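This briefing concerns aromatic contacts, a surface patch and an annotated domain. The structure comes first, followed by the points grouped by topic.

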Amino acid sequence: MKFVILIPTYNEKENISLLLSKIVKTLANSPGWKVLVVDDNSPDGTAKEVKKHPQYKKKILLLQRSKKEGLGNAYLAGMEESFNKLKADFVITMDSDLSHQPKYIVKFIEKIKDGRAFIVGSRYIPGGSIPKEWPPHRKFLSIFGNSIVPFFIGSRKLTDWTSGFRAIKKEVYEKVRPKILRDHAQNKGYTFNISFAYHAVKLNLPVGEVPIHFPDRTKGESKLGLEYLIHTPVFLLRTRLRS
Ligand SMILES: Nc1nc2c(ncn2[C@@H]2O[C@H](COP(=O)(O)OP(=O)(O)OP(=O)(O)O)[C@@H](O)[C@H]2O)c(=O)[nH]1
Ligand SMILES: [Mg+2]
């Protein structure tokens with residue numbers, strides 16, 4: 001089976017090289033993988049860092065986009081490239097700030113081999129955790145937010161709807177993409193993660209979770225903005241009303 005580790009980046013110059021090296025080390029003895037970094041023309045020169053890696057153009061590929069278009073758009077562009085050009089059977093999406101630890105990649109692969117089609121790295125099942133050092137409002141948003149999502153979207157199949165550490169099989173992508181595009185205004189940025197998970201669980205394909213410890217980023221700045229606080233509640237309300 002072929003797979004692509006898909007990593008969206010925006011101003012992650014201080015994190016990307018270490019992450020790439022850890023992935024290469026973790027997968028040294030595994031066949032059939034590539035890394036695809038999707039960079040939105042980061043002004044800090046993240047793309048240059050990627051090109052410096054000894055595995056650049058061998059195991060590590062770069063999709064350079066001309067401007068910042070948000071996380072959801074970066075994921076869609078990266079998935080299109082991975083499934084249609086690189087012929088991947090599944091992708092594993094990861095943040096580039098080391099909050100998603102490469103050691104868990106093997107757990108995702110095990111679940112794929114076990115027949116799951118959509119797998120989420122969860123901070124809310126035994127063995128998973130959020131950073132102790134997060135300020136109270138961030139902890140509240142994440143814990144409370146994830147606990148109320150099932151009420152709005154009518155599914156308890158997952159415990160972590162916002163996590164971006166995922167394995168996604170091609171058939172899931174092909175079925176979810178048109179649904180996301182139909183409502184794209186509501187599904188961009190960080191809301192993409194919830195809306196993608198919503199459509200994925202509705203397909204009734206086997207889903208799964210892998211517990212993950214989520215260390216806080218130590219370098220670079222968070223891109224989580226106010227946009228999230230507006231679009232996500234709107235998406236959840238609309239979904240509930242429609243059903
Ligand atoms: N290509 C691209 N990547 C983005 C964009 N916005 C965020 N990212 C990347 O998406 C990933 C998640 O962003 P983060 O800022 O780490 O979001 P977060 O983990 O919710 O917030 P922190 O915990 O504060 O780091 C990181 O790898 C970012 O570099 C974007 O507009 N385009
Ligand atoms: Mg982060």
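UniProt positions are given in the numbering used here, and annotations may be inferred rather than shown by experiment. In this predicted model, UniProt places the feature "domain: Glycosyltransferase 2-like" (unreviewed entry) at residues 5-176. The chain over residues 5-176 is 41% helix and 17% strand, with its end C-alpha atoms 19 Å apart.

**Aromatic pairs**
- Ten aromatic pairs are found in a search of the whole structure.
- Phe 118 and Phe 196 form a tilted pair, because their ring centres are 6.0 Å apart and their planes stand at 35°.
- Phe 118 belongs to strand β5 (residues 118-122) and Phe 196 to helix α8 (residues 191-202), so this pair ties together parts 78 residues apart in sequence.
- Phe 118 is buried at 1% relative accessibility, and Phe 196 is buried at 1% as well.
- Phe 140 and Phe 144 are stacked, with ring centres 5.0 Å apart and planes at 10°; both lie in helix α5, four residues apart, or about one turn of the helix.
- Tyr 75, Phe 118, Phe 192 and Phe 196 are linked into a cluster by ring pairs.

**Nonpolar surface patch**
- Phe 140, Leu 141, Phe 144, Leu 226, Leu 229, Ile 230 and Val 234 make a nonpolar surface patch of about 680 Å².
- Helix α9 provides the largest share of this patch, four residues.

**Charges over rings**
- The charged end of Lys 59 lies over the ring of Trp 33, 4.4 Å from its centre.
- The charged end of Arg 240 lies over the ring of Phe 151, 4.1 Å from its centre.

Conventions
Residues are numbered from 1 along each chain as its sequence is written. Chains are lettered from A and ligands numbered from 1 in the order in which they are written. This is a predicted model: local features need pLDDT of at least 70, side-chain atom pairs count only at pLDDT 80 or more; totals for chains, interfaces and linings use all residues. Side-chain values use heavy atoms; hydrogens and water are left out. Patches are made of residues with over 30% relative accessible area and no salt bridge: like charges are joined within 9 Å, nonpolar side chains (Val, Leu, Ile, Met, Phe, Trp, Tyr) within 5 Å. Accessible areas come from the Shrake-Rupley method with a 1.4 Å probe; for residues, only the protein chains shown count as cover. A salt bridge is a side-chain nitrogen of Lys or Arg within 4 Å of a carboxyl oxygen of Asp or Glu. Helices (H or I, at least four residues) and strands (E, at least two) are DSSP runs, numbered from the N terminus. Rings of Phe, Tyr and Trp (its six-membered ring) pair if their centres lie within 6.5 Å; planes under 30 degrees apart count as stacked, over 60 as edge-to-face and the rest as tilted. Buried means under 20% relative accessible area, exposed over 50%, partly exposed in between (1.4 Å probe, protein chains only). A charge sits over a ring if NZ of Lys or CZ of Arg is within 6 Å of the ring centre and within 35 degrees of the ring normal.
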